[in-house]
Amino acid sequence: MSSSVRQPAVLLLQGPPSVFWRELANAFEAKGVRAHHVNFSLGDWLYWMKSGAINFKGPLSEWENYLSDLIVRENITDILYYADQLPYHRVAAEVARRLGIKCHVVEFGYLRPDWITLERGGMGRLSHFPNQPEQIARIASQAGPADMAVRYTHTFWQEAHNEVIYNLVAYFGRLFFPRYQADKYYDPFMEYVMWLPRMFRRPKTIPECYTRDDSPPFFMLALQLQSDYQIRANSPYEHLSEMLDQVIGSFATHAPEPVRLVIKQHPLDNGVEKWRKVVPEIAARHGVSERVDFIDTGDINVLLTKVTGVVVVNSTVGLHAVSAQKPTIALGTAVYDLEGLTHQGSLDSFWTDPTPVDAVLLDQYVRALATSIQVKGDFYTKAGRKAAIAEIVARIVNDRVNCPEAFVEVPPRFANGQERQDKT
């Protein structure tokens with residue numbers, strides 16, 4: 001089935017909790033491209049609010065055949081979805097490969113705060129972005145400088161407001177979509193209830209000693225959300241407590257005194273996992289209570305100005321650290337995890353001999369990334385949506401996703417069962 005001989009028709013599955021998806025469909029239609037949409041939950045319906053959507057109310061087991069028939073019936077040429085590891089999207093990717101349909105994942109950008117990712121096939125383990133410096137240099141040679149000026153920003157409350165509305169409407173709207181599988185790590189209602197204690201609890205902020213010019217040498221571990229698909233699908237950990245035990249244990253054995261370890265909680269963490277209690281317990285078990293600090297709020301950029309090195313699983317904090325030319329190790333699958341940018345040795349060796357960042361490769365990497373799989377814009381602000389949507393439509397209509405040409409034939413990062421290098 002070849003899309004090159006047919007009139008383009010896009011199928012939008014689940015999108016970000018924003019009016020972005022509806023405006024994207026309108027932009028496709030303005031270019032003469034038919035846009036179709038499937039609602040899986042009442043949350044999808046609420047943010048779509050546009051005629052012509054299909055309500056899929058069957059069980060997940062019927063989605064594969066339903067989608068295959070829909071693609072053939074409507075002559076679909078491209079599928080777009082937000083978050084490639086959602087169960088309906090994983091099925092869609094398989095169906096698309098079988099039928100020769102192009103799939104595009106849309107997500108928050110790697111080069112935050114005002115970028116969006118648009119990549120063919122998927123992210124993480126499914127990413128086609130190269131991990132060889134020579135390939136990146138070749139792509140960068142065809143790219144101009146990246147526009148790193150911050151033009152579109154949204155507040156925490158804009159993002160949180162939309163997330164809460166979408167998930168609670170989907171949760172309480174199960175009467176209308178009774179077989180919808182949200183695949184949430186936590187019960188959505190309980191997840192938001194758990195925010196209440198955080199609102200009245202005094203946060204642990206960055207200790208002053210880490211912001212002074214004479215701050216002690218320290219490493220930082222940036223925690224992610226336990227519910228994040230980047231942990232569930234693109235890391236070796238079933239639970240982040242395993243990672244904490246590994247990192248703190250390695251630090252205790254191999255990091256010389258007076259080096260310290262700062263563990264920074266994710267700003268959107270709801271407190272379910274009780275990291276402020278778990279971290280001290282693990283540190284005590286490894287005998288390093290006096291050298292490990294846990295903080296749950298504070299500007300991470302302040303820490304990046306003083307830090308010796310950064311440990312992540314696969315958070316975009318890792319890319320910010322690399323961009324600040326701070327030695328970084330990624331313990332999971334990350335698009336920026338390659339020789340010259342991150343530490344490729346063991347975690348044990350990172351504490352005493354962290355690999356520095358290659359500044360030339362970093363510049364090439366950012367230019368290649370921005371040109372090929374990043375789009376300038378934002379999901380929540382009017383100007384940011386307008387800019388991103390115009391570029392996404394142009395890339396898809398003109399078949400420029402994952403371009404320039406040096407990028408086109410790069411295979412998925414972990415195709416054919418290949419596994420990532422073990423850094424444990």
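Helices (H or I, at least four residues) and strands (E, at least two) are taken here as DSSP runs, numbered from the N terminus. The model is a predicted one, so to speak: local features need pLDDT of at least 70, side-chain atom pairs count only at pLDDT 80 or more, and totals for chains, interfaces and linings use all residues. Residues are numbered from 1 along each chain as its sequence is written, and side-chain values use heavy atoms, with hydrogens and water left out.

Start with the sheet. Seven strands make up an open sheet with mixed pairing, in the order S3-S2-S1-S4-S5-S6-S12; strands count as paired if DSSP finds at least two bridges between them. Strand S3 (54–55) and strand S12 (374–376) sit at the edges, each pairing on one side only. S3 runs parallel to strand S2 (residues 34–39), joined to S2 by two bridges, and Asn-39 stands opposite Asn-55 in S3.

Now for the aromatics. The whole structure holds 25 aromatic pairs, meaning rings of Phe, Tyr and Trp (its six-membered ring) with centres within 6.5 Å; planes under 30 degrees apart count as stacked, over 60 as edge-to-face and the rest as tilted. Phe-251 belongs to helix H10 (residues 240–254) and Trp-351 to the loop between helix H14 (347–350) and helix H15 (359–372), so the pair ties together parts 100 residues apart in sequence. Phe-251 and Trp-351 are both buried (under 20% relative accessible area, with exposed over 50% and partly exposed in between; 1.4 Å probe, protein chains only).
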